[in-house]
Amino acid sequence: MGAYKLTADGRLLRREREFREKTAEEKQAVAADHGFESWDEYVSFCEDADPDSRIQRGIGLGAPNPQTVDEEFWLDHNMHGSFEFHGRSDDIEDGFHWSYEARFTRGELDAIVFLGERGDGSPEEYRPEAPVCVEF
């Protein structure tokens, strides 16, 4: 999944990233954050440790990444068609999620349509009331 944002003038932008190798100092800092003396010790632990040991140390299951983001920028996605996106509120106990559809013609936003709500994290709870459509 990529990251997108909708601009005030109705364009859909897609986040792009360029990566570079971490410097020796950056690798050392990551290793130290996880309680290791060196990057090599950190990598070795991750290769040999069982998943529970890794999780208990707060490392997670992914391999240590020798790369980092060098540059992040946004490109015009020039969308033609529909793009579904979702909102949520962590403040609601049952975890409601809202679904929307943004409709584009040759990169220009035509409408945002409210598709409905989902509750309890279950798709069966989807309530497709009459969609609310905002025209642009």
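**Exercise 1. Is Glu 101 buried or exposed, and which residue does Glu 101 pair with in a salt bridge?**

Step 1. In this predicted model, Glu 101 has a relative accessibility of 17%. Buried means under 20%, so Glu 101 counts as buried.

Step 2. Now look for the partner. Glu 101 forms a salt bridge with Arg 103, and the closest N and O atoms are 2.6 Å apart.

Step 3. Check the partner in turn. Arg 103 has a relative accessible area of 36%, which makes this residue partly exposed.

**Exercise 2. How many salt bridges does the model contain, and which residues form a network?**

Step 1. Apply the cut-off, a side-chain nitrogen of Lys or Arg within 4 Å of a carboxyl oxygen of Asp or Glu. The count comes to 7 salt bridges.

Step 2. One of them joins Glu 26 to Arg 20, with the closest N and O atoms 2.8 Å apart. Glu 26 is partly exposed, with a relative accessible area of 27%, and the value for Arg 20, also partly exposed, is 27%.

Step 3. For the network, pick out Arg 11, Asp 76 and Glu 108, which salt bridges link together.

**Exercise 3. Which strands each supply at least two residues to the lining of the largest pocket?**

Step 1. Get the volume first: the largest pocket has about 210 Å³.

Step 2. List the lining. There are 12 residues, and those nearest the centre are Gly 2, Tyr 4, Phe 83, Glu 84 and Phe 85.

Step 3. Assign the strands. E1 (4-6) and E4 (81-88) each give at least two lining residues, and E4 has the largest share, with 4 residues.

Step 4. Sort the lining by type: 8 residues are nonpolar, 2 polar and 2 charged.

**Exercise 4. Where do Asn 78 and Arg 106 lie?**

Step 1. Begin with the backbone. Asn 78 has a positive phi, near 50°, though this residue is not a glycine. Arg 106, not a glycine either, has a positive phi of about 50°.

Step 2. Locate each one. Asn 78 belongs to the loop between E3 and E4. Arg 106 is in the loop between strand E5 (97-105) and strand E6 (108-118).

Step 3. Finish with accessibility. Asn 78 is partly exposed at 48%, whereas Arg 106 is exposed at 65%.

**Exercise 5. How many helices and strands does the protein have, and in what order do the elements run?**

Step 1. Count the elements: 3 helices and 7 strands.

Step 2. Read from the N terminus, and the order is β-β-α-α-α-β-β-β-β-β.

Step 3. Turn to the whole chain. Of its 136 residues, 26% count as buried, and the protein exposes about 9,400 Å², with carbon and sulfur atoms supplying 48% of that area.

How values were computed
Residues are numbered from 1 along each chain as its sequence is written. This is a predicted model: local features need pLDDT of at least 70, side-chain atom pairs count only at pLDDT 80 or more; totals for chains, interfaces and linings use all residues. Side-chain values use heavy atoms; hydrogens and water are left out. Buried means under 20% relative accessible area, exposed over 50%, partly exposed in between (1.4 Å probe, protein chains only). Accessible areas come from the Shrake-Rupley method with a 1.4 Å probe; for residues, only the protein chains shown count as cover. On a 1 Å grid over the protein atoms alone, a cavity is a set of points where a 1.4 Å probe fits but cannot get out, and a pocket is an open set with protein on both sides within 12 Å along at least five of seven lines; lining residues have an atom within 4 Å of a point. Grid points are joined across faces, edges and corners, and a volume is the space filled by probe spheres set on the points. Ala, Val, Leu, Ile, Met, Phe, Trp, Tyr, Cys and Pro count as nonpolar, Asp, Glu, Lys and Arg as charged, and the others, Gly among them, as polar.
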